[in-house]
Amino acid sequence: PYIDSGVFGLRGDQFDLVHGSVLDLDQQSRVDLIFADVLSLYLSPEDLNRLAIKVDQRLNSGGLYITRDLVEPNGPPLYRKSGVSGQVDNCELQNFILKNFEINMTLAEIQNKQDNLWSGNCAFSRASLDECTTPFLKAGLQLRQSIPITSQPLYETENPRVFYVNVFEKE
């Protein structure tokens, strides 16, 4: 829906979308940009190493791998059921889904989907930025920039969580 409507300035003729496992990227084709959003959280250390090698193989010289990784120095928070996005009676998410995807879901349906998705996920918490970046450095990519982003409430809790936007370049 984002591409078809031109949201965020995306146009379908500017790139190809590939659906499949990131661990099975075609080694024959080359790209200038690979973007991954909080992907490392769902990859074992071994799979993260495999991904780093695949990214290095796929990128053209000068190509970028941009990722946003979640770092949880004290480990992940305990799972607990909560209202959608922490707000039981807020309809913003419901309206967003309707507007952008033309899917009308009740808050209960959204909550059920959220609970089912998170309950079955296998996640690998990263305790430091090095755990997110080292596999890519070993594969030969250069870390050009690492930008920490977080909200103050997430950072100033007993269990701080920091997102890092990392920009790697293949020389």
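Phenylalanine 101 comes out as partly exposed because its relative accessibility is 34% (buried is under 20% relative accessible area, exposed over 50%, and partly exposed in between, with a 1.4 Å probe and protein chains only). This residue sits in helix H3 (helices, H or I, of at least four residues and strands, E, of at least two are DSSP runs, numbered from the N terminus). The model is a predicted one, where local features need pLDDT of at least 70 and side-chain atom pairs count only at pLDDT 80 or more, while totals for chains, interfaces and linings use all residues. Residues are numbered from 1 along each chain as its sequence is written, and side-chain values use heavy atoms, with hydrogens and water left out.

Now for the sheet. Four strands make up an open, mixed sheet, running E1-E2-E4-E3 (two strands pair if DSSP finds at least two bridges between them). At its edges lie strand E1 (31-37) and strand E3 (142-149), each pairing on one side only. E1 and E2 are paired in the parallel sense, over six bridges. Isoleucine 34 has tyrosine 65, in E2, as its bridge partner.

Glutamate 72 counts as buried because its relative accessibility is 1%. Its side chain and that of serine 125 are joined by a polar contact of 2.9 Å (a pair of N or O atoms within 3.5 Å; within protein, one must be able to donate a hydrogen and the other to accept it, and residues adjacent in sequence count only if both atoms are side-chain atoms).
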